[in-house]
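Please view the sequence and the structure below before reading the notes.

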Amino acid sequence: MKNHSNITSPQYHTAELDQLLRENSRIMSIPAKTVFLEPGESMDGIYYIAKGRTRHYMVAHDGSEKVLYFLSEGWFFGETTCNLQKTTELFSKTDVDTVIYSIPMPVYWKLLSENDTFCNAIIESCCYKMLIMKHEIASLSFNSCRYRLQYLFCTIADTSQVVDGGWYDLRVTYSQNDICSIIGSARVTVAKLMAELCGEGFLRTINRSTQINIQKYREFLDRANQLDTGDV
């Protein structure tokens, strides 16, 4: 399964880039669960996540949310808004205590034109986000809520250790509202699907923590890989 999910993994960047960003940024320490950007706000540069995790989402007129992506350490954001000189159209919120490097607009343009390492990192970030958006559009268009829910749990499964001989813990814990926002579905639908997946042995809940069955996980990945390659 090609992981172009909106649940992103940390991006790997070199020590050279990290030092360059530290020397040319304003460091912002933002507590967990803080909205630090809202639609309509002007951005005076771009941002780089040095530590923590952020979510970037839209809100409909009825108050429902749709997460476009979560970004963790090593990701940039704001490049498109900065390049097009537009105001942001998304809400940006920290999930955990987060450290962000704020790179002012003049510095951004200077580094972009003069520093190949920085330029390549920005291009890579933009390209990965395009793949994420492509995956999200395809998933919402062609995949059922059930498939998207299973995909989400497989994406965040902690495969580094086995629990009770046949289960994986999850690397991230999301509330039911979070899950609705991520997969783009109603809460009642998510609750029903999670109950079904628990009944089928795909998931289980132990001490209020959700786990995924290893065999079911592998079976789903095999199916998803077949869909990715067209071998069905």
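The notes that follow are grouped by topic. The structure is a predicted model. Its largest nonpolar core has 31 residues, an open sheet of four strands is present, and the structure holds nine salt bridges.

**Nonpolar cores**

- In soluble globular proteins, nonpolar side chains tend to be buried together.
- Within the largest nonpolar core, the residues that touch the most other members are Leu-149, Phe-153, Ile-179, Phe-202, Ile-212 and Phe-220.
- At least two residues of this core come from each of β5 (65–72), α5 (145–155), β10 (167–170), α6 (176–183), α7 (187–199) and α8 (214–229).
- The greatest share is given by α5, with six residues.
- Leaving aside neighbours within four places in sequence, Phe-153 is in contact with Leu-170, Ile-179, Met-194, Phe-202, Leu-203, Thr-210 and Ile-212.
- Another core, of 15 residues, lies apart from this one, and its members include Leu-68, Phe-77, Leu-90 and Ile-100.

**The four-stranded sheet**

- Strands of a sheet pair through backbone hydrogen bonds, either parallel or antiparallel.
- Here the strand order is β2-β7-β4-β5, and the pairing is antiparallel.
- Because β2 (35–37) and β5 stand at the edges with a single partner strand each, one side of each is left without a neighbour in the sheet.
- From one strand to the next, the twist averages 30 degrees.
- Strand β4 (residues 53–59) is joined to β5 by seven bridges; Thr-54, for example, has Leu-71 in β5 as its bridge partner.
- Helix α6 packs on the sheet and touches β4 and β5, with its direction at about 95 degrees to that of β5.

**Tyr-57 in strand β4**

- Is Tyr-57 buried or exposed? Tyr-57 has a relative accessible area of 5%, so it counts as buried.
- Tyr-57 lies in strand β4 and, not counting residues up to four places away in sequence, touches Val-35, Glu-65, Lys-66, Val-67, Leu-68, Leu-90, Phe-91 and Lys-93.
- Tyr-57 and Asp-116 are 59 residues apart in sequence, and their C-alpha atoms are 31 Å apart in space.

**Salt bridges**

- Side chains of opposite charge can pair when their charged atoms come close.
- Arg-53 forms a salt bridge with Asp-95, with 3.3 Å between the closest N and O atoms.
- Since Arg-53 lies in strand β4 and Asp-95 in the loop between β7 (91–94) and β8 (98–104), this pair ties together parts that are 42 residues apart in sequence.
- Arg-53 is partly exposed at 21% relative accessibility, whereas Asp-95 is buried at 6%.
- Arg-53, Arg-55, Asp-95 and Asp-178 are linked in a network of salt bridges.
- Lys-129 and Glu-79 meet through their side chains in a salt bridge (2.8 Å, N to O).
- That pair links distant parts of the chain, with Lys-129 in helix α4 (residues 116–142) and Glu-79 in helix α2 (residues 79–84), 50 residues apart; both residues are buried.
- A further salt bridge joins Glu-114 and Lys-110 (3.0 Å, N to O), which both lie in helix α3 (residues 105–114), four residues or about one turn of the helix apart.

**A loop with positive phi angles**

- Asn-207 is not a glycine, although its phi is positive, at about 50 degrees.
- Asn-207 is placed in the loop between β11 (203–206) and β12 (209–213), and Arg-208 is found in the loop between β11 and β12.
- Arg-208, also not a glycine, has a positive phi of about 70 degrees.
- Asn-207 is exposed, with a relative accessible area of 73%, and Arg-208 is exposed at 84%.

Terms used:
Residues numbered from 1 in each chain as written. Predicted model: local features only at pLDDT ≥ 70, side-chain atom pairs only at ≥ 80, totals over all residues. Heavy atoms only, no water. Buried < 20%, exposed > 50% of the residue type's maximum accessible area, 1.4 Å probe, protein only. Core = buried A, V, L, I, M, F, W, Y, C linked by side-chain atoms within 4.5 Å. Contact = heavy atoms within 4.5 Å. Pairing = 2+ DSSP bridges. Axes fitted to C-alpha atoms, helices over the stretch in contact; angles between N-to-C directions. Salt bridge = Lys/Arg side-chain N within 4 Å of Asp/Glu carboxyl O.
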